[in-house]
Amino acid sequence: MMSTFSIAIDGPAGAGKSSIAKELANQLQCIYIDTGAMYRSVGYYCISQGIDYANEEQVEQALSELHLKLTLEEEGQQIFLNEKNISLLIRNNQVAAAASKVATYAAVRKALVKMQQEMSKSTSVVMDGRDIGTVVLPHATLKIFLTASVEERAQRRYKEYVQKGEKPCLETLKVEIKERDYQDSHRKISPLKKAEDAIEVDTTYMTIDEIVKQIIDLLKRRL
Ligand code: CDP
Ligand code: CDP
């Protein structure tokens with residue numbers, strides 16, 4: 001039995017954070033917290049309620065009407081917004097762009113970071129996002145910063161769409177990823193940044209299994 005631990009996984013879109021975090025939680029038998037889903041939920045709420053997500057004041061006001069709950073089901077982590085399961089509704093580029101915008105607002109970050117810290121109190125967790133190693137879990141047992149080339153990340157997203165029966169434009173996906181990278185790493189509050197004590201892993205030429213194995217080996221050495 002391992003002692004309580006926390007693994008912080010950060011990195012840009014398509015680096016492999018959620019696939020790797022999910023598999024790590026599965027093998028290590030601990031909780032997985034997808035913080036991106038929480039920012040996506042705020043973005044989704046704005047779009048579905050006709051709230052202008054570019055208007056910080058309006059989004060801040062909407063926060064009090066918004067109740068988020070994360071649960072772990074057999075089919076993976078589910079996210080509920082005011083009791084409605086929106087897990088599948090938040091997985092599109094429109095919501096991703098809205099998430100990236102609302103994630104620049106201090107009030108949104110403050111509310112979500114508080115929830116994330118409460119959820120990870122006194123239990124072993126794998127948490128992924130953009131500011132986990134720098135802000136949410138500054139004392140994490142292990143911090144990983146995943147990267148991959150823009151071309152590879154766009155290809156990965158492209159394959160996901162093709163599997164769903166859609167045929168997006170690869171060039172457009174690349175542009176959207178670059179825009180989100182820029183917005184996430186240039187915002188004033190908690191920008192996407194490698195924590196000083198994080199280990200950087202370039203996943204461009206690595207499989208998910210290889211990365212998971214490397215991270216578990218690193219964790220074992222820390223515990
Ligand atoms: O969470 P994040 O946006 O960082 O990435 P992801 O959703 O975990 O991964 C994006 C896609 O890339 C998924 O379909 C993964 O299966 C795939 N992937 C891969 O093929 N090889 C890797 N080394 C990492 C991810
Ligand atoms: O899966 P992907 O990497 O494309 O994105 P995500 O992890 O679902 O996050 C969506 C957006 O939420 C990101 O582009 C960030 O702007 C924001 N986010 C954040 O600011 N901080 C986090 N801890 C997680 C996500």
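Which polar backbone atom is 3.2 Å from an oxygen atom of ligand 1? One of Ala 15; a polar contact here means a pair of N or O atoms within 3.5 Å, and within protein one atom must be able to donate a hydrogen and the other to accept it, with residues adjacent in sequence counted only if both atoms are side-chain atoms.

1. Ground rules. This is a predicted model, in which local features need pLDDT of at least 70 and side-chain atom pairs count only at pLDDT 80 or more, while totals for chains, interfaces and linings use all residues. Residues are numbered from 1 along each chain as its sequence is written, chains are lettered from A and ligands numbered from 1 in the order in which they are written, and side-chain values use heavy atoms, with hydrogens and water left out.

2. Who surrounds ligand 1. The shell has 16 residues, with Gly 14, Lys 17, Ser 19, Glu 160 and Met 206 the closest (near means that a heavy atom of the residue lies within 4 Å). Helix 1 (17-28), helix 7 (150-163) and helix 9 (208-222) each put at least two residues into that shell; helices are DSSP runs of H or I with at least four residues, numbered from the N terminus.

3. Backbone contacts to ligand 1. A backbone N or O atom of Gly 14 is 2.8 Å from a ligand 1 oxygen. For Met 206, a backbone N or O atom lies 2.8 Å from a nitrogen atom of ligand 1. On its own ligand 1 has 540 Å² of accessible area, and the protein covers 79% of it (Shrake-Rupley method, 1.4 Å probe).

4. Who surrounds ligand 2. Here 19 residues make up the shell, and Arg 40, Asp 131, Arg 157, Arg 180 and Asp 184 come nearest. By class, that is five nonpolar, five polar and nine charged residues.

5. Contacts to ligand 2. Arg 130 uses a backbone N or O atom instead, 3.1 Å from a ligand 2 nitrogen. Taken alone, ligand 2 exposes 530 Å², of which the protein buries 96%. Helix 2 (35-49), helix 4 (93-102) and helix 8 (170-186) each give two or more residues to the shell, and helix 2 gives the most, with four.

6. A salt bridge to look at. The whole structure has 10 salt bridges, each a side-chain nitrogen of Lys or Arg within 4 Å of a carboxyl oxygen of Asp or Glu. One of them joins Arg 156 to Glu 152, with the closest N and O atoms 2.9 Å apart. These two are separated by about one helical turn because they are four residues apart in helix 7.

Definitions and conventions:
Ala, Val, Leu, Ile, Met, Phe, Trp, Tyr, Cys and Pro count as nonpolar, Asp, Glu, Lys and Arg as charged, and the others, Gly among them, as polar.
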